Amino acid sequence: MTKYDLDMIDVTMPPPEYEPMRQYYFMRLCRDILGRMQAEKGRPLTCCVNTFGCQMNARDSEKLLGVLTAIGYTESEDENADLVLYNTCTVRENANIRVYGRLGHLHHYKKQNPDMLIGLCGCMMQEQKVVDKLRSSYPFVDLIFGTHNVYKLAELLYSVLSEKRRVIDIWDKAEAIVEDLPVNRKYSFKSGVNISFGCNNFCTYCIVPYVRGRERSRAPEDILKEIRALADDGVIEIMLLGQNVNSYGKDLETPMTFSELLREVEKIDGIKRIRFMTSHPKDLSDELIAVMRDSQKICRHLHLPLQSGSTKLLKAMNRKYTKEDYLALALKIRREIPEISITTDIIVGFPGETEEDFQDTLDVVRKVRYESAFTFIYSPRTGTPAAKMEQVPDKVVHDRFDRLLAEVQDIAKEVCCRDTGKTMEVLVEEVNEKDPSLLTGRLSNHIMVHFPGCPELVGRLVHVKLTSAHGFYYHGEMV
Ligand code: SAH
Ligand code: SF4
Ligand code: F3S
C-alpha cells in the first residue's frame with residue numbers, strides 16, 4: 001500500500017527537495033525502468049529481503065519491502081531472485097560472519113543471472129571496516145547503504161538501475177525521521193511500531209549506539225496516527241519498538257513519558273494487545289508498572305534485560321543498576337502483576353567476569369525465575385570500551401554458558417507450566433510448520449500454544465484450554 005499514487009507524479013519536473021515526496025518521485029522512476037526490464041525479460045522481477053538482528057531491523061525490512069513492491073518487484077522467499085537485499089546486524093561477531101558466508105551463495109546465483117542486483121544495508125554497514133572490506137573484496141555487491149539513510153532506498157536504487165554502477169552511501173549521523181513511506185507488513189494482524197530510534201546508553205559491550213546513533217523519539221501524534229491506521233487495516237496486536245522504550249519522550253519538544261504514551265495507545269479502538277521492547281531496568285518507573293497492571297490491553301509480558309547479576313560487572317558494563325536494584329524491581333513487578341512473565345538477556349564472559357560474578361548471575365536467575373532467557377557469549381565489538389578490557393578465556397566462558405543455559409531451561413520448564421488446565425486467550429499467529437492440522441499462537445504472556453484448528457483462524461483471538469505443558473509451549477484445545 002502506498003500513500004501517494006505514483007501515476008500522479010510528474011517526472012518531467014526535477015525531484016522534490018522534501019521527504020517523503022522525493023522518495024515517491026524516485027519510486028515512480030524506478031517503476032518505469034523496472035516495467036521496461038520486465039517487458040524485455042517477459043517475466044516479473046523478484047526481490048528477496050532478508051533480515052538479521054532485532055525487531056527494529058525486522059520493521060525496517062517491512063519498509064524496504066514496501067518500497068520494492070511499490071516499484072514493481074514481486075516478493076520472493078527464495079534468494080535466487082532478481083534483487084536480494086540483506087538487512088544486517090552487527091551486535092555480535094557471528095551475525096557478521098553469517099552475512100559474509102551467505103554472500104558467497106549470492107555470488108553463485110549472480111553468475112547465473114548477471115542482471116541480479118545485490119544490496120546490503122543495516123547496522124553492519126555503519127562500520128567503516130566492513131564497508132572497506134566490501135568495497136575491495138566484494139565487487140559483485142551493487143548497493144550499500146546504512147541505518148540513517150534507509151528511507152532513501154528508492155533514490156539509491158534509481159542510481160544503480162539508471163547508471164548501472166555500484167552505489168555506496170553511508171551517513172555517520174541521522175537526520176530527520178521520515179514518515180509515511182510505504183510498508184509491506186509480514187503479518188496482516190500484528191505489527192511493530194517504532195517509537196524511538198537509536199540509543200544513548202553506551203553499555204560498554206554494545207555497538208548499537210555507534211551504528212544507530214543517538215536516541216530520537218518519534219512525535220506521539222505520528223505514532224498514534226500510524227497505530228490508528230494499522231487498526232483500521234485490521235491489526236489487533238502492536239509492538240512498540242525502541243532500544244530503551246522507558247526513556248521515550250525525554251528528547252521531545254514537549255516531553256512525554258512512555259507511560260503517558262501507553263495510555264494514549266490504549267484508547268485506540270481495534271487494538272486488542274499492546275507489547276513493547278525493550279525496557280532498560282534503570283528507567284522502568286512505578287508509573288509504568290501501574291499502567292501495565294491497570295491496562296486491559298498491555299500484554300502480561302516484560303522483557304527486562306539483566307546482562308549480568310554481578311554489581312561489579314554491571315558497573316563495568318555501564319548499566320547503572322546494581323544486582324539489588326534489579327532484584328527489587330523484578331520482584332516488585334511479580335508482586336504487582338502476578339500473572340506476568342518476565343524474560344531477559346544475559347551475557348556470559350564479559351571481561352573480568354569471575355566465578356563469583358557468574359554465581360551472582362545464577363543467583364538472580366534463580367530468584368527471578370524467568371519464563372525464558374536469551375543467553376549470549378560476550379563478543380568483543382570494535383570501538384566499544386569493553387573490547388579493550390582483559391578477555392575471559394574461551395573454555396571458561398563456554399563452561400559457564402552451558403551451566404547458565406541448563407539452569408535457565410530447568411527453571412523455564414517449571415514456571416511455564418503454571419497455567420496448565422486453564423482456558424486462556426490466544427492470538428493465532430500461523431499454521432504449525434511441522435503439523436498443518438495444528439495452529440500456533442501466543443498467550444498474552446508470550447508463551448506459545450499449539451492446538452487443532454482451521455487456517456481461517458489465523459489472526460483471530462480464540463479461547464484455548466491449555467491441556468499439557470511442554471517446557472516452552474503448551475498443547476491445547478479450543479473451547
Ligand atoms: N537495547 C536492548 C538490547 C539490544 S541488543 C537493551 O538494552 O536491552 C540485544 C542483546 O544483545 C542485549 O540485551 C545483550 O544481551 C546482547 N548483546 C549486546 N552486545 C553484545 C555483545 N557485544 N556480546 C554479546 N551480547 C551482546
Ligand atoms: Fe546497547 Fe545498552 Fe543501548 Fe541496549 S541500552 S542498545 S544494550 S547500549
Ligand atoms: Fe543488530 Fe542493529 Fe538490532 S546491531 S540487534 S540489528 S539495532
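This is a walk through one predicted model, from a helix to the ligands and then to a few single residues. Because the model is predicted, local features need pLDDT of at least 70 and side-chain atom pairs count only at pLDDT 80 or more, while totals for chains, interfaces and linings use all residues. Residues are numbered from 1 along each chain as its sequence is written, chains are lettered from A and ligands numbered from 1 in the order in which they are written, and side-chain values use heavy atoms, with hydrogens and water left out.

Let's start with helix α4, which runs over residues 128-137. Helices (H or I, at least four residues) and strands (E, at least two) are DSSP runs, numbered from the N terminus. The buried residues of α4 are Val130, Val131 and Leu134. They span an arc of only 95° around the axis, which puts them on the same side of α4. That arc is taken from the directions from the helix axis to the C-beta atoms. An α-helix has 3.6 residues a turn, so residues three or four places apart point the same way. On the other side of α4 you'll find Gln128 and Ser136, both exposed. Here, buried means under 20% relative accessible area, exposed means over 50%, and partly exposed is in between (1.4 Å probe, protein chains only). And what do the buried residues of α4 pack against? They pack against α3 (93-112), β4 (117-122), β5 (143-145) and β6 (167-169), where contact means heavy atoms within 4.5 Å.

Now for the ligands. Ligand 1 has 15 residues around it, and Gln243, Pro305, Gln307, Asp345 and Ser379 come nearest. A residue counts as near a molecule if one of its heavy atoms lies within 4 Å of it. By class, this shell has seven nonpolar, four polar and four charged residues. For those classes, Ala, Val, Leu, Ile, Met, Phe, Trp, Tyr, Cys and Pro count as nonpolar, Asp, Glu, Lys and Arg as charged, and the others, Gly among them, as polar.

Several polar atoms reach ligand 1. A polar side-chain atom of Arg92 lies 2.9 Å from an oxygen atom of ligand 1, and a backbone N or O atom of Tyr205 lies 3.0 Å from a nitrogen atom of the ligand. The side chain of Arg319 has an N or O atom 3.4 Å from an oxygen atom of ligand 1. On its own, ligand 1 has 540 Å² of accessible area, and the protein covers 90% of that; such areas come from the Shrake-Rupley method with a 1.4 Å probe. The elements that give two or more residues to its shell are β13 (341-348) and β14 (372-377).

Ligand 2 has Cys199, Cys203 and Cys206 among the residues around it, along with others including Tyr205, Gln243 and Arg319. Its shell has seven nonpolar, three polar and one charged residues. Around ligand 3, the list includes Cys54, Cys89, Cys123 and Gln243, and the shell has four nonpolar, four polar and one charged residues.

Back to strand β13, where Ile346 lies. Is Ile346 buried or exposed? Ile346 is buried, with a relative accessible area of 0%. Leaving aside neighbours within four places in sequence, its contacts include Leu306, Gln307, Phe374 and Leu404.

Glu215 sits in the loop between α6 (208-212) and β9 (216-217). At 11% relative accessibility, Glu215 counts as buried too. Its side chain makes a polar contact of 2.8 Å with that of Ser247. Within protein, a polar contact is a pair of N or O atoms within 3.5 Å, one able to donate a hydrogen and the other to accept it, and residues adjacent in sequence count only if both atoms are side-chain atoms.

Most residues other than glycine have a negative phi, and most peptide bonds are trans. Yet a cis peptide bond joins Glu19 and Pro20, with omega about 5°, and another joins Met277 and Thr278, with omega about -5°. Lys164 has a positive phi, near 50°; this residue lies in the loop between α5 (153-163) and β6 and is exposed at 72% relative accessible area. Phe202 has a positive phi of about 50° as well, but Phe202 is partly exposed, at 30%.
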